Amino acid sequence: HCAYRWSPSLVGTFVHATYHTAVEILEDGLLGVDTEGKIAFIGSGKEVDRLYYPKAHFVVIDVCSEFFMPGMVDTHIHASQYSYAGTALDMPLLQWLNMYTFPVEACYKDLEFARNVYTHIVKRTLRNGTTTACYFATIHTDASLLLGQIANDFGQRALVGKVCMDTNNFFPHYKETLDESEGETNRFIGELLKKKYPLVRPVVTPRFAPSCSATLLGHLGEIAQNNDLHIQSHISETKEEVNLVKELFPDYDSYTDVYHRHNLLTDKTVMAHGCHLTDGELKLFRETGASIAHCPNSNISLCSGMLDVRRVLNHKVKLGLGTDVAGGYSPSMLDAVRRTLDTSKALTIQDTQYHTLTFEEVFRLATLGGSQALSLDENTGNFEVGKDFDALRVNTDAAGGPIDLINHGEGPKVYVAGKRVVPFVERP
Ligand code: GUN
Ligand code: FE
């Protein structure tokens, strides 16, 4: 039958979030992927016989211990900081940047240094189940282009940002002039788009307001607008930083207003942290469609604050999870899920009336929520027909794995043509 053009077809358990259900579990499901890698069909395993044709090739997974889930979306990670992840978490943000971060990022002038770290972080995040990552690189255009190439070569979906900063009073070796920052951003965008990598896009990346002049912020807002590009930055991570922005930008209503008045808040903007945003600022996020990358490991590790995710969601602001390596010490989205729950429970310890996040909600934030936060949910985030099949096959019973399955439940339920089949059998 000519309609059966997808291959391979997967049979087993599918776990994903939808727009109305935080976790939907399709037991005995069947999912077809077309030749372009898009989901062509999702239905019941009982329909396998209807799809059968000689060339079809079915992957049947063990429904007792295995499932498919969408690949996770890391909405905020500094690829360049991976070289010191797990160290240097003994200072608050602004001192930490000056003492550790800027000296390390300055090393990315050296392309071989960059190639080594960038190869490791792309491979590591993929191994950890991150199929989409929104990366900060450094101020160096060629090294940032290399990160795009490496993500493309390993097949990761990525937004890659060449960092922009024309202000740095504490570590003056690590900054650009206004003209360099603007010119190199244009070169970075032009060269990355010219490569026509199918899954890699540039993202306009002012580091954060304290390291950018108002003129630079304005130019970057224009560049993003003229090229319809994504934007990423940091906002309201610590109280000290919020006060600094007040001093540096006295004529603005708020930290959020600084970005907003330079056209940097759009529905393709993701801002990391937002721990200390006011209700008025969250309203501006909602109105512009800008989103927040919640990075709980980083927020605790640098003693920055505890984002009240429930409040953000109540404001109907889009929110995804980020690892924020190396402010966060773990390049794992599973860690980000756990830390998100920890922070929500810490808020519950402080206020027993607090509406704690459920693990189902946090699963959604790590997948569909992240794809929405990056405005990539037309392509990824869950198992809907027409989206790309970005997925993890999870085996909870893998030899040497970290889980002991004590109760296997009632046994596998995979049906082919109405008959229960033994798992692990490749068909036909
Ligand atoms: N704010 C500005 N730059 C950075 C950074 O590199 N990491 C974190 N966590 N916050 C920032
Ligand atoms: Fe960050």
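Against which elements do the buried residues of α12 pack? In this predicted model, the partners are the strands β6 (72–78), β7 (130–136), β13 (291–294) and β14 (319–321), together with the helices α10 (296–301) and α13 (359–373). The residues of α12 that are buried are Met333, Asp335, Ala336, Val337, Thr340, Leu341, Thr343, Ser344, Leu347 and Thr348. An α-helix has 3.6 residues a turn, so residues three or four places apart point the same way.

At the start of α12, the backbone nitrogen of Leu334 has a side-chain oxygen of Ser332 within 3.1 Å.

The iron ion (ligand 2) is coordinated by the NE2 atoms of His76, His78 and His234 and by an OD atom of Asp324, at 2.1 to 2.3 Å. Along the chain, these donors follow the spacing H-x1-H-x155-H-x89-D. The angles subtended by the 4 donor atoms run from 89 to 172°, and the arrangement is therefore irregular; a tetrahedral assignment would require all angles to lie between 85 and 135 degrees. Among the coordinating residues, His76 is buried, with a relative accessible area of 2%, and His78 is likewise buried, at 3%.

The largest nonpolar core contains 91 residues, of which Tyr118, Tyr135, Tyr259, Ile292 and Leu321 touch the most other members.

Technical notes: Residues numbered from 1 in each chain as written. Chains lettered and ligands numbered in written order. Predicted model: local features only at pLDDT ≥ 70, side-chain atom pairs only at ≥ 80, totals over all residues. Heavy atoms only, no water. Donors = N, O, S within 2.8 Å, 3.2 Å for Na, K, Ca; no water. Tetrahedral: all angles 85-135°; square planar, octahedral: opposite > 155°, others 65-115°. Buried < 20%, exposed > 50% of the residue type's maximum accessible area, 1.4 Å probe, protein only. Helix = DSSP H or I, 4+ residues; strand = E, 2+ residues; numbered from the N terminus. Contact = heavy atoms within 4.5 Å. Polar contact = N/O pair within 3.5 Å; in protein donor to acceptor, adjacent residues only side chain to side chain. Core = buried A, V, L, I, M, F, W, Y, C linked by side-chain atoms within 4.5 Å.
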